[in-house]
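My entries follow in the order I looked things up.

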Amino acid sequence: MAASSSFTSSESDSENDEQDLIEYYFSRDGYGCIDGWSRKIIWLHVARSNNKPEIPASFYLQSVQTYGCPVKLRSDCGTENGIMAGMQCEFRSSGDAHFFGTSPANQRIESWWFQFRKNRSTWWINYFKDLCERNLFNPDNDLEKECMWFCFSDVIQNDLNYVKEQWNTHRIRDSKHDTIPGIPDELYYFPEKKGGIDNLYLPVPAEQIQFVQENLLQFEEEENIMQEYFNHIFETSRLQQPNNWEEAEQLYSVLMGIANGT
């Protein structure tokens with residue numbers, strides 16, 4: 001079991017940040033959660049909507065099934081985190097088990113988002129800018145945006161999975177801040193080596209997990225005719241799922257060519 005008693009959850013925020021071009025172009029959002037003591041990334045996902053509370057709640061519930069329920073959960077203010085907050089308080093039988101904080105105050109995850117944007121997503125930002133400059137992509141065109149999501153979402157998620165793995169296995173150095181030096185995965189699973197406390201996570205019974213799944217996470221997916229259209233072309237044309245940005249761009253060109261009749 002892990003040492004930290006606190007998760008910090010956040011959505012990447014680009015409302016006033018041109019850097020997060022992925023979200024700007026897709027009108028989508030990224031979701032992340034970090035363990036407060038070990039700095040282990042618990043989840044890191046790109047999703048289609050940032051205003052459905054069921055989405056971050058589903059990521060939270062998956063983490064509870066995998067790791068157990070933390071003593072504390074901190075999240076950004078906003079109704080999109082309401083279900084997740086309710087689950088946390090229910091599992092811990094305490095209204096104090098969750099608390100909201102502004103994005104700047106959630107320093108651990110916000111600091112991580114900053115480093116991610118600086119060191120990783122800059123490549124994607126420049127890449128999508130280049131697509132626009134080559135007139136291959138118009139972010140004001142809904143059909144092109146949906147095709148872009150269809151082609152690139154899995155590739156971006158795979159990239160996030162890689163980033164998460166690399167972060168959790170890299171070594172955090174000594175600093176003047178309250179960061180514990182070490183490898184996040186090792187700090188998480190062997191906290192006693194660095195003076196941490198073990199067994200702070202609460203196992204949640206399977207029947208309780210099933211109850212909240214059935215009663216709190218049931219929602220109807222919005223019908224998306226464009227995604228269905230591209231999926232139909234993809235299947236009938238026997239195209240291959242892209243594994244990298246080059247294959248995703250090629251797929252995008254093929255699908256848009258068919259859609260435009262060229």
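I began with N135, which is exposed at a relative accessible area of 69%. I use exposed for over 50% relative accessible area, buried for under 20%, and partly exposed for in between, with a 1.4 Å probe and protein chains only. N135 has a positive phi of about 60 degrees, although it is not a glycine. I found N135 in the loop between α5 (121-133) and α6 (142-168). Helices here are DSSP runs of H or I with at least four residues, strands are runs of E with at least two, and both are numbered from the N terminus.

A note on the source: this is a predicted model, where local features need pLDDT of at least 70, side-chain atom pairs count only at pLDDT 80 or more, and totals for chains, interfaces and linings use all residues. Residues are numbered from 1 along each chain as its sequence is written, and side-chain values use heavy atoms, with hydrogens and water left out.

Next I looked up R39. Its phi is near 65 degrees, again positive in a residue other than glycine. R39 sits in the loop between β2 (29-35) and β3 (41-47). Is R39 buried or exposed? R39 counts as buried, because its relative accessibility is 10%.

K40 is in the loop between β2 and β3 too. K40 is buried, with a relative accessible area of 5%. I then asked what K40 is in contact with, leaving aside neighbours within four places in sequence. The list is C33, I34, D35, Y67, N168, P184, D185, Y188 and Y189. Contact means heavy atoms within 4.5 Å. The charged end of K40 sits over the ring of Y188, 5.5 Å from its centre. For such a call, NZ of Lys or CZ of Arg must be within 6 Å of the ring centre and within 35 degrees of the ring normal. I noted K193 as well: its charged end sits over the ring of F190, 5.0 Å from the centre.

Then the aromatic rings. How many aromatic pairs does a search of the whole structure find? It finds 20. F150 and F234 form one that is edge-to-face, 5.8 Å centre to centre with 70 degrees between the planes. The pair links distant parts of the chain: F150 is in helix α6 and F234 in helix α9 (residues 225-236), 84 residues apart. Rings of Phe, Tyr and Trp (its six-membered ring) pair if their centres lie within 6.5 Å; planes under 30 degrees apart are stacked, over 60 edge-to-face, the rest tilted. F150 is buried at 17% relative accessible area, and F234 is buried at 9%. I also logged a cluster linked by ring pairs: W123, W124, Y127, F128, F152 and W245.

V254 is in helix α10 (residues 245-259). V254 counts as partly exposed, because its relative accessibility is 35%.

Last, I took the overall counts. The protein has 10 helices and 5 strands. Buried residues make up 47% of the 262 residues. Of the contacts with a separation of 6 or more, 71% are between residues 24 or more positions apart. The protein exposes about 14000 Å², and carbon and sulfur atoms supply 47% of it. These areas come from the Shrake-Rupley method with a 1.4 Å probe; for residues, only the protein chains shown count as cover.
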